[in-house]
Amino acid sequence: MQNVVGIRFKDTGKIYDFDPGDLELKTGDLVIVDSEKGNVIGKVVKETYAIDVIPSPRKVLRKASEEDLRRIEENEKLKIETSEFCRIRIKEMALPMRLVETELSFDGSKAIFYFTSEGRVDFRELVKDLAAKFKTRIEMKQIGVRDEARFLGGFGCCGRTLCCETFIKDFEPVSIRMAKKQELALNPAKISGVCGRLMCCLVFEYEIYDEIKKDRTELRSTEKSSSEPDDRTSVSPAELKIQDRPPSPRTKAEGINDASASKGKAASLSPVTGQKNVKEERFPAISDAKRKRRRRRRRRGPEGNTQQS
């Protein structure tokens, strides 16, 4: 195990582990540390704690002295001057970009300019002018609208300081599905933050809503199965298809023939069993006198016409 301290370089930045060595540090102390960008001033946010051994941890060089604090004040004044000059040059060159923040290294060897733009920008001439003016290394970084809101700060619709400005370290992806799951009104004005994107706080309670909805679904299915017993017989999918299939023309014709045949049935009671005996007749019964009259008409021809010899 190795003892380290947690140091943050920005108010809303990540916390990095540094080896304090023999220094006794407390929360809130300003220290000078050795980083990849050179000597940088940071703030202790976590006192000494033990972690797994790191191969080559960066070290805390010293506590910030009065001279270091005076240098920080000078860097702040220089930061304002560089920002104003950069904005003037951007306006003169008519570049499609907007300067958001300027950051100077502790020793003044590098200046970083953060800007926003809808597309790529050719800022080579701007970098030349800045380097010639301030005699330092210039670096330009393009950021998104969320990082812009973090730098500028502000207040959300809840009335509190923006989450990205206070405690959010990394931006997680936010989708409209999260708003639907929480049954919020899908009005862009109500679910969007000051940056114009979906509010980061939609992520905070999404997992809780998801778990609650799953529990409700399981509870409803359990209550339904216990309160309404299933008395239906099981039917195979093939039988369901047969039942739902519409009758064919042949089946309809057979049904019509069956109905017409049933009309020609004569029912009578059996003297032995007392039940109905169904006697099928192809044609209804016709008397002999009626048959003779029909034969005579056929021989004579239509009524009213006399046969001529």
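This is a predicted model: local features need pLDDT of at least 70, side-chain atom pairs count only at pLDDT 80 or more; totals for chains, interfaces and linings use all residues.
**Stop 1: the centre of the second largest pocket.** Select Gly156, Thr161, Leu162, Cys163 and Cys201. Of the 23 residues that line this pocket, these lie nearest its centre. The space around which you are looking comes to about 430 Å³.

Stop 2: Now colour α3 (145-152), then α4 (163-166) and α6 (188-191). α3, α4 and α6 are the elements that give two or more residues to the lining of the second largest pocket. Which of them gives the most? Look at α4, which contributes three residues.

**Stop 3: the centre of the largest pocket.** Move on to the largest pocket, with a volume of about 1,700 Å³. Select Phe9, Lys10, Val40, Ile41 and Glu103, the closest to its centre among 41 lining residues.

**Stop 4: the elements of its lining.** Next, show these strands and helices, each of which supplies at least two residues of the largest pocket's lining:

- strands β2 (15-18), β3 (30-35) and β4 (38-51)
- strands β6 (98-104) and β7 (110-116)
- helices α1 (66-93) and α3 (145-152)

Keep β4 highlighted: the largest share of this lining, five residues, comes from that strand.

Key. Residues are numbered from 1 along each chain as its sequence is written. Side-chain values use heavy atoms; hydrogens and water are left out. On a 1 Å grid over the protein atoms alone, a cavity is a set of points where a 1.4 Å probe fits but cannot get out, and a pocket is an open set with protein on both sides within 12 Å along at least five of seven lines; lining residues have an atom within 4 Å of a point. Grid points are joined across faces, edges and corners, and a volume is the space filled by probe spheres set on the points. Helices (H or I, at least four residues) and strands (E, at least two) are DSSP runs, numbered from the N terminus.
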